[in-house]
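Subject: Structure for you to look at

Hello,

Here is the structure I said I would pass on. Please open it first and then read the notes below it.

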Amino acid sequence: QLQLVESGGGLVQPGGSLRLSCAASGFPLDYSAIGWFRQAPGKERERVSCISSLGGSTYYADSVKGRFTISRDNAKKTVYLQMNSLKPEDTAVYYCAAASRCSGPFGVWGQGTQVTVSS
C-alpha cells in the first residue's frame, strides 16, 4: 500500500526558500500523479501544484506560479516542491497526495509538514 511522508518544512523569512519532499513507500511511485496541497488556519485546503506520473505535465495555482517548482525522481520515489520568494501568505500545513492523474481524486495523503513564513 502506498504511503507518503512529507518533510522539509520549517520557519523561513519572507523572500526565502524551502524545498519540500514527499517520499513514497510501499508501492512504486511511477503510476501516481502527486499533488501538493496546503491548508492555513481558518481557510479551505488549496491545491498548490501537481505533477503527472511521468513528470510530463505540471500544474500550479496562480498564487504560486513563477515561485514554486514541482519535480519528481521516480527512482528515488520522491516528489519535490521547491518554494522560492516565499510570502507570509504561504504559511500553511503542506500535504502531498497521490492520484492516478492530477484531476484526482487523491486517495492517499501524507501527514503534512508546517511551513511558516515570518520575519
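A residue counts as buried when its relative accessible area is under 20%. The model is a predicted one, and by that cut-off Phe37 is buried, because its relative accessible area is 7%. Phe106 is buried too, as its relative accessibility is 16%.

These two residues also belong together as a pair. A pair of aromatic rings is described by the distance of the centres and the angle of the planes. The structure holds 3 aromatic pairs. In the pair of Phe37 and Phe106, the ring centres are 5.0 Å apart and the planes stand at 80°, so the pair is edge-to-face. It links distant parts of the chain: Phe37 is in strand β4 (residues 33-39), while Phe106 is in the loop between β9 (92-99) and β10 (108-109), 69 residues apart. Together with Trp109, Phe37 and Phe106 form one aromatic cluster.

Two arginines sit over rings. The charged end of Arg45 is over the ring of Phe37, 5.7 Å from its centre. Arg47 lies over the face of Tyr59, and its distance from the ring centre is 4.1 Å.

Next, a sheet. It is open, has 4 strands in the order β1-β3-β8-β7, and its pairing is antiparallel. β1 (3-7) and β7 (68-73) are the edge strands, each pairing on one side only. From one strand to the next, the twist averages 15°. β1 and β3 (residues 18-25) run antiparallel and are joined by 5 bridges. Ser7 stands opposite Ser21 in β3.

Regards

Key
Residues numbered from 1 in each chain as written. Predicted model: local features only at pLDDT ≥ 70, side-chain atom pairs only at ≥ 80, totals over all residues. Heavy atoms only, no water. Phe/Tyr/Trp six-rings, centres within 6.5 Å; stacked < 30°, edge-to-face > 60°. Helix = DSSP H or I, 4+ residues; strand = E, 2+ residues; numbered from the N terminus. Buried < 20%, exposed > 50% of the residue type's maximum accessible area, 1.4 Å probe, protein only. Lys NZ or Arg CZ within 6 Å of the ring centre and 35° of its normal. Pairing = 2+ DSSP bridges. Axes fitted to C-alpha atoms, helices over the stretch in contact; angles between N-to-C directions.
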